[in-house]
Amino acid sequence: MDGLSIWQKADTGEIDAVWSYPSHKDEMSKNAQLHGLLRCDRHQREFFFFVRSDEHWIFFLELEKQSHGAAICLKMFSPDFALAALRHFLEVYMKEGDAVSVLKSYLQIFTTGSSKTIDCSLLTDGKANFSLKELVDTFGEAVGQIWAGVVLRKRIALCCSDIALQCRLLTAIAALEPTSPPFNLLRPFSDNSSTESIKGSFIAGFLEPEARTSAAHDLWLDGIQSCFPCFSTSTLTCLL
């Protein structure tokens with residue numbers, strides 16, 4: 001673990017970091033502000049998503065009807081551990097009302113690699129649960145073509161305005177290759193400039209459908225207007 005931050009959302013919707021360790025306050029709060037917490041669906045019990053920041057993964061969690069949230073920074077892609085840890089840290093913070101107990105728990109895991117309340121065995125690079133059912137419900141029979149795109153390391157673009165759903169679908173798409181899921185290719189909340197600079201393949205998420213006309217992709221998946229992907233003729237020829 002490379003950092004932990006707890007924030008509070010003001011009535012105006014602005015996010016203020018109330019505590020951070022060691023020094024990721026600005027980066028975490030900026031990513032929280034830009035990448036989704038203002039879009040939080042209050043009908044969800046939990047709002048969990050992640051972003052890629054240089055060589056790190058930053059995972060965010062906000063609970064339903066709570067003004068507080070938390071973020072954790074990891075060098076490895078380990079969403080299962082991140083979710084368990086964030087649940088625990090938020091529970092401790094809301095119960096104790098200060099960050100001392102949170103820091104104590106964080107440092108215990110950081111220094112000893114163990115915890116009485118968190119399954120630290122989950123802290124494994126590429127350890128990620130995913131829902132194949134959710135992927136099939138979203139894209140139907142086209143999941144087979146998506147699988148082919150993953151195996152052939154195509155440049156896959158997913159358009160989905162639901163922040164948390166986008167992260168879940170991207171994870172499930174990468175996990176379609178069970179022997180060696182390419183989670184390192186995930187790029188949630190991308191824009192055209194960020195994907196155009198990538199050399200090689202990616203599995204990227206976009207918020208707006210306009211990206212389809214300019215994003216450098218081989219395979220476009222529309223999770224907003226349709227439950228099936230939108231394939232170009234060239235893409236189908238390449239995959240089949």
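**Exercise 1.** Determine how much space lies in the largest pocket and which residues are closest to its centre.

*Solution.* The largest pocket of this predicted model holds about 330 Å³ of space. A pocket is an open set of points on a 1 Å grid over the protein atoms alone, with protein on both sides within 12 Å along at least five of seven lines. Its volume is the space filled by probe spheres set on the points. Next, consider the lining (residues with an atom within 4 Å of a point). Of its 15 residues, F48, D80, L83, N129 and R168 are the closest to the centre. By class, eight are nonpolar, three polar and four charged.

Residues are numbered from 1 along each chain as its sequence is written. Local features of the model need pLDDT of at least 70, side-chain atom pairs count only at pLDDT 80 or more, totals for chains, interfaces and linings use all residues, and side-chain values use heavy atoms, with hydrogens and water left out.

**Exercise 2.** State how many cavities of 30 Å³ or more the whole structure has, and which residues line the largest cavity.

*Solution.* A cavity is a set of grid points where a 1.4 Å probe fits but cannot get out. The search finds one cavity of 30 Å³ or more, and the volume of the largest is about 30 Å³. Its lining consists of G149, V150, R153, K154, I156, P182, L185, F202 and I203. Sorted by class, the lining of this cavity has six nonpolar, one polar and two charged residues.

Methods: Ala, Val, Leu, Ile, Met, Phe, Trp, Tyr, Cys and Pro count as nonpolar, Asp, Glu, Lys and Arg as charged, and the others, Gly among them, as polar.
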